[in-house]
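Please look over the structure shown below, together with its sequence, before reading the report.

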Amino acid sequence: MLIATAGNGSSADSTPSPSLPGPASAAPSADSGDTARHWWRDAVIYQVYVRSFLDTTGDGIGDLAGVRTGLPYLKKLGVDGIWLSPCYPSPQHDHGYDVADYRDVDPVYGDLAEFDRLVADAHRLGLKVLLDIVPNHCSSEHPWFRAALADGPGSPARSLFHFADGRGVDGELPPNNWRAMFGGPAWSRVKEAGSASEAPTGQWYLHMFTPEQPDLNWRNPAVAADFEDVLRFWLDRGVDGFRIDVAAGLFKHPELPDSPDPAADERTRDSVNPLAWNQPEVHQVWRDWRALCEEYTARDGRDRLLVGEVSVRTPSEQAAYVRPDELHQAFFFHLLTARWDVDTFRRVITEALTDIAGTGSTVTWVLNNHDQVRTVTRYATEPGGGVEGIAAGPGGGLGPARARAAALLMLALPGAAYVYQGEELGLPEVVDLPDEVLTDPIYHRTGSRQHIRDGCRVPLPWSGHASPFGFTSGTDAARPWLPQPAWFAEHATDRALADTRSFWHLYREGLQLRRSLPQLGEGTLRWLDSPSQVLAFVRGDGLVCAVNFGTEPVSAPAPGLPLLASGDCPAGTLPGSTAAWWMHAPEAQ
Ligand code: NOJ
């Protein structure tokens, strides 16, 4: 425990108190009014990027047996379950987000029997298992797409995708001006079977990501029917739910008209094209999937969870996806993209509690995932999310302290939270991977290292002083699929477990308190008056969380019983870049 006990909470600091805590200011309530206990409403789920978690076969790539091996570690950490990144058969153009078969496991990760053992072991330990499902697009090696290429224009097989004739005299221009998320046009032209020309002179197909990820046509009922079958396939194997990729995609404007601002689509690489994303028809899919989950729950009483990756512009647009008969939850990415700034954090948290919790769902907080620069690095320099301009190496500066403070903040907020593997180790981003090892299609399609995602996907360090740090083993063990820097040693789990001041212990203690204190998890949040650089709120009947976003110490809120802090808190103070929890003494309320 890093916090200095302050006896009865009286301040040793003679400076005037910055009036923490004080009367409530804005008071959005996170109380949904739904008192039924559903495990997912305040669960903390650990995101396992399978490829980089633990390799048991010595090929340098993580696998499902490795995840099984790591389950006791995750149980000890105190999470409620795991989300597995896609492990379906895939040519891995986008590391599994290009699925060639939705009903199997890629041999590089294991097989269905291993998957079943993993689910059984997780359940024995009381851990839920969420699968990543990718309904917006499949792989160009999926049998449906192969048939579409073979069967030609106008065929039923082509109607499962978005095929169209090109514009221009000979159809040499794409059907519209849409840009792909990972760079370049969103259309590729095919070579028709039997064509004498060696060049692709046939129809075009739509892909909002890479050409190897053709978008499915959800206006064809066969697509919905097949996905329902896929959901049943995995639910019958015991999974507890699904993380849904690109959940605001699926439907495109039926006429596929030009985007009003293709330059913005290209520049932001975000879901801003209003004709390609967030079409109203998508909501019926989520209603159908929710009903399917309820059908399983009605059978055995076990809640199933649908958590969506819903990339839309505003929290209120996101709220539409978590209406009571749609997705249970959607990641709240506005916290993840927030700058380290007190006003920004206050604004996004308030918006989330107002717009999302108001639907009856709970907010699903997230600070890191496999697509973003890790917090330790991001908060150190705030370059806007990319890796350019960030100094190579283990990082330092204020990044680690801010990342620790952000973790305590997230775990104190009402709702659910997701922790990305390595976050509990305080892993920094690896920003200086050599060009020749980069695998992210964003890099290969844009030629830019900005926004690339390899740096947060480097295999985890488990033990020892040199790569592979226990990630992969065996005498003939191959090197990890992405190289680990020497300084990963400082973050290896064996060191983290042995050091009570590590990120790992902070996360563990935070998670333990979440379990034991009724004020945490779901419930009310009330803002407290605080100095301008401090965010402070009270949960339930008296658990206070305060975060000092500044660099100068402020007087600590007192009196109260200190519970946990993200850094050393000399009695009576809350240092800069530090968060603390304490139980508010009744006389001070
Ligand atoms: C979002 C996933 O998080 C990302 O990793 C993937 O590349 C895209 N969706 C496309 O499936």
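The report takes up the surroundings of the ligand and then a sheet of the protein.

The model is predicted, and the distances and areas that follow are computed from its atoms. Around the ligand there are 13 residues, of which the closest are Asp-94, His-137, Asp-245, His-370 and Asp-371. Polar side-chain atoms of several residues come within contact distance of oxygen atoms of the ligand, as the table sets out.

| Residue (polar side-chain atom) | Distance to an oxygen atom of the ligand |
|---|---|
| Asp-245 | 2.6 Å |
| His-370 | 2.8 Å |
| Arg-243 | 3.1 Å |

Taken on its own, the ligand has 300 Å² of accessible area, and the protein covers 97% of that area. Asp-245 and His-370, both listed in the table, are also among the closest residues of the ligand's surroundings.

The second topic is the sheet. Three strands, in the order β4-β6-β5, form an open sheet whose pairing is antiparallel. The edges are taken by β4 (163–164) and β5 (187–189), and because each of these has a single partner strand, one side of each is left without a neighbour in the sheet. In general, strands of a sheet pair through backbone hydrogen bonds, in either a parallel or an antiparallel manner. Strand β6, which comprises residues 204–206, runs antiparallel to β5 and is joined to β5 by 3 bridges. Which residue in β6 is the bridge partner of Arg-189? The partner there is Trp-204.

How values were computed
Residues are numbered from 1 along each chain as its sequence is written. This is a predicted model: local features need pLDDT of at least 70, side-chain atom pairs count only at pLDDT 80 or more; totals for chains, interfaces and linings use all residues. Side-chain values use heavy atoms; hydrogens and water are left out. A residue is near a molecule or strand if one of its heavy atoms lies within 4 Å of it. A polar contact is a pair of N or O atoms within 3.5 Å; within protein, one must be able to donate a hydrogen and the other to accept it, and residues adjacent in sequence count only if both atoms are side-chain atoms. Accessible areas come from the Shrake-Rupley method with a 1.4 Å probe; for residues, only the protein chains shown count as cover. Two strands pair if DSSP finds at least two bridges between them. Helices (H or I, at least four residues) and strands (E, at least two) are DSSP runs, numbered from the N terminus.
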